[in-house]
Structure formats: C-alpha cells, structure tokens
Amino acid sequence: MGWPATEDHWRGLRHEDEGVLYSTFEGKIPVLGTTVDRIRRHGFLGPVWWRFGRGEWQTLTEALNDTPDWDLIRQRRKDRKQQQEDDRQAEEQAREEAAAAKQHAKLLAARAHNDAMHPCYTCQGPLGGAHDSDRELDENAEPDRLECPACLADRRAQDGRPIVLDLPSARDRKKADKHGPPASDPWWTVRLIHAKRWPKAKRDAGNVPELWPNARA
C-alpha cells in the first residue's frame, strides 16, 4: 500500500491566520521519516525528522508538536492592527493639514483683498482686522463695510448703532467725477453707497438705521 492510500490518516488540515500557515492534526497519526545521513550529521536531537504533511525538517519535539505558533500569530495581529491605526492617524493628519492649508490660503487671499480696500473707519487699521488675530476675516469684506471685526463687535456690544456716513456734497461729487475719489476720504465709495441707500429725503424723514438686527438689548 502506497502513501496516498494512508494520507487521510496522517495529513492535517491546512489553515492560515495572519499570514501564518499551519496544520491541525486532530485524530491523525503522526508519521515521521528521516535518513541515516541526516542523523549522522545532526544527531537524534537535531532537525532530522520529516513529518508527513509538513514542509520542513524539524526536531523530534517540533515534529510531534501540533500546536500552532500562537505567539507569532498574536504578534502579527497586533502589528497589523497597529499598522492600521498608524495609517488611519496618518490619513487623518494629512486631511487636517490639507484643510489647514486650504483655510490659510483662503485667509491670505481675503487679507490681500481687504488690505487693498479702505481702512477701518474707527481704528484706521486693516478693514479685515489685525493680521493673524482671532477675529481676522477669512472672506472678502463687502464693499460697504466700514469697520474691522473688533471695532464692529465693540460697537454692537455698546449701543448697536451702525455708522451712516454723511452725504457727499454736490461739489465733492463733481470733483470726484472729474478727478476720481478724493484722497482725503478713503471711504468715498461707501459714502456713495450710503447716499444711494439713504438719500436726503429718507434722512430728513428719519428713515435711517438705528440698531443692528442682532444688537444686544
């Protein structure tokens, strides 16, 4: 009878766990083989035994041991989970850095736009707010904005009354039409917006804003 006829009695069931290949031999008969030459070279205690169903020379203890290398499997599982966590953290950090870079680019673009506009009417500083301050605008200021975020917040906290610029005189309008906005009035564009929004008739009738909609009581 050849070995294929006895295979069901000694061949184990193959498994794979965390990349570790092993076989279980429950109910199987261990069949070992060796050669005189290997015994002469390594001795009986050396790796001279070949267990049927395995793929390497082993010591007698190893050949008869049916227990998988659970320590190796546990270590590989631990390493795999740690690598997954490291990858997750790296991806999260990359997303955060990309978002921060995008936000910073947005801030710089808004800063360039706002710095090119008229200054804050109250503090004469940048309309978008002090650079790198917590309140600095990260978006383009509206053309009719008059105050930086800090001054606007202070005004709303105090009485909530917005600034309404005086009407430009007819003489000033003619000069501006001919020579451009007056250098002495950096808020000329806003003054014209206010003049259109609240012309003299509305002002005479008292139809000017008194309180911000969200001002404190």
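Biologist: How many aromatic pairs are there?
Modeller: The count comes to four aromatic pairs, where rings of Phe, Tyr and Trp (its six-membered ring) pair if their centres lie within 6.5 Å, with planes under 30 degrees apart counted as stacked, over 60 as edge-to-face and the rest as tilted. One of them is Trp-10 with Phe-52, edge-to-face at 5.2 Å centre to centre and 85 degrees between the planes.
Biologist: Which parts of the chain does that pair link?
Modeller: Distant ones: Trp-10 is in helix 1 (residues 3-10) and Phe-52 in the loop between strand 4 (49-51) and strand 5 (57-58), 42 residues apart. Helices (H or I, at least four residues) and strands (E, at least two) are DSSP runs, numbered from the N terminus.
Biologist: Is Trp-10 buried or exposed?
Modeller: Trp-10 is buried, at a relative accessible area of 4%, whereas Phe-52 is partly exposed at 30%. Buried means under 20% relative accessible area, exposed over 50%, and partly exposed in between (1.4 Å probe, protein chains only).
Biologist: And what about Tyr-121 and Trp-187?
Modeller: Tyr-121 and Trp-187 also form an edge-to-face pair, 4.8 Å centre to centre with 70 degrees between the planes. Tyr-121 is partly exposed at 31% relative accessibility, and Trp-187 is buried at 10%.
Biologist: What should I know about the model itself?
Modeller: It is predicted: local features need pLDDT of at least 70, side-chain atom pairs count only at pLDDT 80 or more, and totals for chains, interfaces and linings use all residues. Residues are numbered from 1 along each chain as its sequence is written, and side-chain values use heavy atoms, leaving out hydrogens and water.
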